[in-house]
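Me: I would like to learn how to read helices and strands from a coordinate file. Can we work through a case?

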Amino acid sequence: MSITPLAAVPSRRATPVFRGRIGRDARSGGHYAVPHRYRLHLSTACPEGLRLAIGHSLLGLDTSCPVTLLPAVPDCPGGGHAALRPLYEASAHHYTGPALAPVLSDDWSGRIVSTHAPDILRDLDRFRHDGRPCLYPTGQESVIEAVERMCAEDIEEAAQRAGRAGADPAERAAALDALLDALDRLDRRLSGEEYLVDDRLTAADIELWVSLVQLDTVHRCHLDASAVHRIAGHRALWAYARRLAAHPAFGRRLDLDGIARRHHGRCQGLEAAGAAVQILDWAAHATETPDASRR
């Protein structure tokens with residue numbers, strides 16, 4: 001698969017309010033990678049929260065970095081969570097913005113380390129693995145970053161533009177073409193490989209799998225049936241999604257009801273015919289055993 005380096009393409013994800021890092025030296029600002037100090041606050045109905053929950057599970061950090069689960073639908077204006085307000089106010093004097101998730105907090109200080117999900121996942125990968133694989137293997141960082149950008153720009157944002165109500169038909173068609181081109185490239189890659197990078201499960205697989213979940217459970221609701229059938233035609237890609245859904249770290253973190261409630265609470269777009277064309281039965285595949293998913 002040809003994954004064009006996309007480092008020069010700006011990400012359109014929300015700018016993080018806090019962006020501290022966990023490290024092993026003084027440059028980390030005193031946030032060393034030690035167990036039982038940090039805590040994740042997230043909702044698995046949110047794509048960024050779901051990515052962190054999967055990575056956290058793969059790394060086996062349940063006891064060394066506990067997770068506080070938040071409601072699927074934020075309970076404050078601007079998408080904030082009331083439960084996070086004390087952390088934000090302790091971390092920024094006179095903070096008036098929304099208390100957004102996800103958050104990595106420092107239990108020692110009672111303050112926020114970071115609200116930037118990609119950095120958080122990379123920093124969690126710094127903890128001891130006890131024989132577990134690294135999510136960011138040495139030498140593969142640029143490839144994983146390219147996959148992250150492809151998912152953000154050419155899948156999720158392209159799908160949003162393709163289903164945007166009131167948009168110019170030519171713009172919607174161009175966005176759908178960009179989406180299908182990205183899916184074509186990924187499908188060709190996965191037709192001969194089990195995983196995206198280095199023949200092992202990495203952060204690139206977490207990124208793509210969550211993007212596919214969003215594509216099928218959220219974005220297809222605003223696409224026409226023909227577009228959804230073309231998306232569903234990427235057999236290797238959706239077989240890969242089905243296989244990972246059967247992995248406990250993936251399927252057990254999937255909150256389909258929460259995703260639906262979050263979508264309906266935020267979305268102001270019009271439902272299209274594609275809403276009736278489900279690509280995968282995610283709930284069924286999430287309860288399969290890994291061996292059964294390979295049949």
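Reply: Start with a loop: Cys267 lies between helix H10 and helix H11 (282-286), where helices (H or I, at least four residues) and strands (E, at least two) are DSSP runs numbered from the N terminus. This is a predicted model, in which local features need pLDDT of at least 70, side-chain atom pairs count only at pLDDT 80 or more, and totals for chains, interfaces and linings use all residues. Residues are numbered from 1 along each chain as its sequence is written, and side-chain values use heavy atoms, with hydrogens and water left out.

Me: What is the relative accessible area of Cys267?

Reply: Its value is 30%, which makes Cys267 partly exposed; buried means under 20%, exposed over 50%, and partly exposed in between (1.4 Å probe, protein chains only). Cys267 is 49 residues from Val218 in sequence, and their C-alpha atoms are 9.4 Å apart in space.

Me: Which residues of H10 are buried?

Reply: An α-helix has 3.6 residues a turn, so residues three or four places apart point the same way. In H10 (residues 256-266), the buried ones are Gly258, Ile259, Arg262 and His263. Down the axis of H10 they fall within an arc of 135 degrees, so they line one face of the helix; the arc is taken over the directions from the helix axis to the C-beta atoms. Asp257, His264 and Gly265 are exposed, on the face turned away from the buried side.

Me: What do the buried residues of H10 pack against?

Reply: They pack against helix H1 (47-58) and helix H6 (203-217), contact meaning heavy atoms within 4.5 Å.

Me: How are H1 and H6 placed relative to each other?

Reply: Two packed helices are described by the angle between their axes and the distance between the axes. For H1 and H6 the angle is about 140 degrees and the axes are 10 Å apart. Axes are lines fitted to C-alpha atoms, for helices over the stretch in contact, and angles run from 0 to 180 degrees between N-to-C directions. H1 and H6 are therefore oblique: under 35 degrees counts as roughly parallel, over 145 as roughly antiparallel, 65 to 115 as roughly perpendicular and the rest as oblique. Among the residues that meet are Leu50 and Ile54 in H1, and Ile206 and Val210 in H6.

Me: Which way do the residues of strand E3 point?

Reply: In a regular strand the side chains alternate between the two faces of the sheet. In E3 (residues 103-106), Val103 and Ser105 point one way, Leu104 and Asp106 the other, and all are buried.
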